[in-house]
Amino acid sequence: MAPILRSTSLVALLVFQISLFLFTSTLPISSGSEDSYTITGRVRIPASTAIGHAAKFSNIKVVLNGGQNITFLRPDGYFTFHKVTAGTHLIEVYALGFFFSPVRVDVSARHHGKVQATLTETRRSLTELVLEPLRADQYYELREPFNVMAILKSPMGLMVGFMVVVVFLMPKLMENIDPEEMKRTQEELRNQGVPSLSSLLPASR
Amino acid sequence: MAMALRLYLLLIVFVSSAIVSFSLYEDQVGLMDWHQRYIGKVKHAVFHTQKTGRKRVIVSTEENVVASLDLRHGEIFWRHVLGTKDAIDGVDIALGKYVITLSSEGSMLRAWNLPDGQMVWETSLHSAQHSKSLLSVPVNLKFDKDYSILVFGGGYLHAVSPIDGELLWKKDFTAEGFEVQRVLQPLESSIVYVLGFLHSSEAIVYQIDSKSGEVVAEKSKAFPGRFSGEISAVSNDKVVVLDSTRSILVTISFVDGEISFQKTLISSLVEDSGEAEILSPLLSNMLAVKVNKRTIFVRVGDQGKLEMVDSLSDETAMSDSLPVADDQVAFASVHHEGSKIHLTVKLVDDLDTVLLRESIQMDQHRGRVDRVFINNYIKTDRSNGFRALIVMEDHSLLLLQQGAIVWSREEGLASVTDVTTAELPVEKDGVSVAKVEHTLVDWLKGHILKLKGSLLLASPEDVVAIQEMRMKSSGRSKLTRDHNGFRKLFIALTRAGKLFALHTGDGRIVWSTLLNSPACARPSGISLYQWQVPHHHAMDENPSVLVVGRCGSDSSSPGVLSFVDVYTGKEISSSDIGHSVVQVMPLPLFTDSTEQRLHLIADTDGHVHLYPKTPEALGIFQREFQNVYWYNVEGDDGIIRGHGMKSSCAGETADEYCFTTRELWTVVFPSESEKIISTLTRKPNEVVHTQAKVSTDQDVLYKYVSRNLLFVATVSPKGAGEIGSVTPEESALVVYLIDTVTGRILHRLSHQGCQGPVHAVFSENWVVYHYFNLRAHKYEVTVVEIYDQSRAENKNVWKLVLGKHNLTAPISSYSRPEMFTKSQSYFFPQSVKTIAVTSTAKGITSKQLLIGTIGDQILALDKRFVDPRRTLNPSQAEKEEGIIPLTDSLPIIPQSYITHSLKVEGLRGIVTAPAKLESTTHVFAYGVDLFYTRLAPSKTYDSLTDDFSYALLLITIVALVAAIYITWALSEKKELSEKWR
């Protein structure tokens, strides 16, 4: 699983770099007056991970500082937080079916609200505030397809298996033992006085 | 002994290794769980009923929800829950395709796509001060690009383009003492009128060009006297205001910018006048005034002359006026009469013309009508038909059309404030509620279908049939107690003061009752307690719950107690207790002969009052008088006080059920460095199975299990704000464990560079809490486990045999506890709203933490993940015990979300309650939505699951019997042939 993940993130990185050339204007530069700034970013769900999930932008929430502000995505995936003070903030994205890493966002007062972003889970810093899911979440267990082994492993299967062993294999085992030898061992056991299973069974005689 | 122990451990490993997470197959959704979606009490409603497309109504609610509802069935097309500080001020439809919402005191304007609820644009508006927030979307039916949305909020008037949310212009109205009251834009006019009052005594009208935002003209006129804030706009150039004495109505007309006042004494309109109040409905050329508990309608003439045209009884709700055909304007009013409500739609110009008069039978437990919104449609005979959306006092939302309730939504359930559980009645012998629906053939058929399903051999039609069968099966919605305790009632108290009983099987409302009080019309409910739970004595009595409420919002207002029968939902009695309610303390273990539980209620004067007020209860209480302690937390001052009972307060009052208390101890936190942000105790009814904890090396640890432990978390005052507001050096989080009998601080743990909010859960001998680590900039979860040192010597078997142990020594809070703690911290990658823990009947089953995340999902996390004994490299023995290797962060396994692919929007709390079956626990989560499921933290080890395939068992047995007969026949044959030989 891990190598697959890594490769997708590599692809994502490539996409980043390409989009860096294309949308240099979307760099996370915030604007605003002396002490309040604006953070603009974008949520992108790669088409490859969105399979099986209805990746609807309308149900995605972006949360600033654990609930201080909640905003929603525009159709193009962009979101904006207005009136953010300078300092270190936390942005989280909540979308059903995906897991996003929280993002540490430093808004610098000295550089007029320049934004630096780092994923807190992977400690990867972002060149622009484009948030992608770390993984797609599958909330349900998948039903195993019909499997003979699974049936055999179930308690009932084990029961049947044990019965089969006892019914068909035990007589075979008994046959292999020499009756003389068996009698001798039984005698020995009786002499030692150790209660044994065979001594309790009258049918063994 | 050792062998048995090892076997036991092996068993634990076997059981525990099997369950790593709660998991669910997709086809099991809805078998044990249910989910209900709500929106809350509706504040604004805008109808969208064009000929084409689906008919819908856009609503905004007090739970900060904007939603689009299907007008035919009341279902939710889409909805969005905005942030808690993002209250909605106005909602409207622009361009016929966008829903516009104004929120956050007029500083946030958003547009949502009408069909699917996708946000189209969002504009943050500049705001400088608190002010009224007004949203005005011109009702221009023609598609005209030129018009703009006018928003007033925060002292600024903004014009915003409805297409992309671009700010066209803004105008500053933040002048000292100036309050904008109305923004009016006459139809097909390019002039916007802004009317405001300067120091409440001078009216100023600005005329602003709607294209450029330039002030064209400004007129002002001083008023001899003062205005009150209440204002009603009756037409495009007239408003009516109440003056500050509330006895004079002033008509302000500003035709062509010239302001003129015209005063009318209310006493000249009605005879017995008192203080007047202008009601909110917007009626054209008319206003509604409430005087002396009557609603009067006052028509405003052309010259600003006022005349009374009608008067109605007080319990009348009115809608805004609505243009109907031929320049006529109609409005609706609803009033009560017995158990019926009467809906009347009249023309504003001619109150004698009644367009519609309907009477509808209404449930008494919905209270009165709070708000009315009307909408008209053209019937097939070209006359006007009306539909009315009404909001009742219990917050429910109903659509009335053609004299009937088309649909209703119980929106009160979106604001649940407290929850408790109750048992259902026992099934009586002879009266079988269960229908005997199964013949043997049906039963077998069903199981063969199930078998096919579990072997994945079922066709799609079969799958549907199986699902249907499961949903209906096993009488899960019966109204009687079942053997496993799966069927229960959750009693929920809502903010509207209504009590609902929800069935765990299917989530339906079994009964609901609106609280009444002799003292005040509608008390507000505070909390809910189990009052009478008969299980040994008084079996013929129905169980009941106690609802504590108060008349008024202030904490010193008098309290009200109400006792409600759980089986029927009838209010047994309700009493006005004549003192305030600060704290309600159910006394554990104290019940009287009818199994009523004793409760103490503390008031603001420092007295406590005993309930029930019976001599028997008094006797029981007096026996334990010296052993009753309580504490209170003064969060603002940073003080925790412990109290003991002193004497009866007979000296002051004749009430023998009233007691004075004495202060035993105080814990004062230094206000400059610590501020209390969270306190928590164990659930009083929690069951602990064993005090001893056996570890792998056959060492025994004794849990320090005390009911009198209080967990307190404090932060530096600077760190009490939001996350971005403080640096790591400035904030520290300190947690305490305090014994509430002696006030002794048992444990103190400090986290430097951390801050709140703290969400914690306390169970048995451990506390788990969630907070924010500013240095790592991540959330952290810490577990603290408390162990009793004084019992650690009891490990020796010989001591036990010879009786030299101290296990039977009485436990007293006064003896100095020798205890030690173990703790460990982990990172957690999500914000949290609330944490709860599973609870089972005997406390044997392992526990799971239920973490309500800010994404409104609930994650079940095994307690083994937050175990201080976790190490990086656990030994083989420790692994056998089930200790997980230490990781720096807690895992989030998607399959362990108990809400699976659902969200409990606006999650506020999680309640757990044990079922009778030890393995199983009920989980109920409430917020804007409700969610219920049944959890088995260690899987259902004590019963067969619903999935159990009886058919497979039957087939196995049949196969075995057949095999026996075949082999018997074969052996007979063989024997016979051997004999012949």
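This is a predicted model: local features need pLDDT of at least 70, side-chain atom pairs count only at pLDDT 80 or more; totals for chains, interfaces and linings use all residues.
Local features need pLDDT of at least 70 and side-chain atom pairs count only at pLDDT 80 or more, while totals for chains, interfaces and linings use all residues.

Colleague: How many residues of chain B are in contact with chain A?

Modeller: Contact here means heavy atoms within 4.5 Å. On the side of chain A, 47 residues take part, and the residues of chain B that they touch number 60.

Colleague: Which residues in chain A lose the most area to chain B?

Modeller: Buried area is the accessible area (1.4 Å probe) that two parts lose on being put together, summed over both. The two chains bury about 4900 Å² between them, 59% of it on carbon and sulfur atoms. Together making up 17% of what the side of chain A buries, the residues that lose the most are Tyr139(A), Tyr140(A) and Arg143(A).

Colleague: Which residue of chain A meets Asp856(B) in a salt bridge?

Modeller: A salt bridge requires a side-chain nitrogen of Lys or Arg within 4 Å of a carboxyl oxygen of Asp or Glu. Between chain A and chain B the count is 2 salt bridges. In one of them, with 3.8 Å from N to O, the side chain of Asp856(B) meets that of Lys61(A).

Colleague: Within chain B, what is the bridge partner of Phe152(B) in β12(B)?

Modeller: Strands are DSSP runs (E, at least two residues), numbered from the N terminus, and two of them pair if DSSP finds at least two bridges between them. Strands β11 (residues 149-153) and β12 (residues 156-160) of chain B pair in the antiparallel sense over 5 bridges. In β12(B), the partner of Phe152(B) is Leu157(B).

Definitions and conventions: Residues are numbered from 1 along each chain as its sequence is written. Chains are lettered from A and ligands numbered from 1 in the order in which they are written. Side-chain values use heavy atoms; hydrogens and water are left out. Helices (H or I, at least four residues) and strands (E, at least two) are DSSP runs, numbered from the N terminus.
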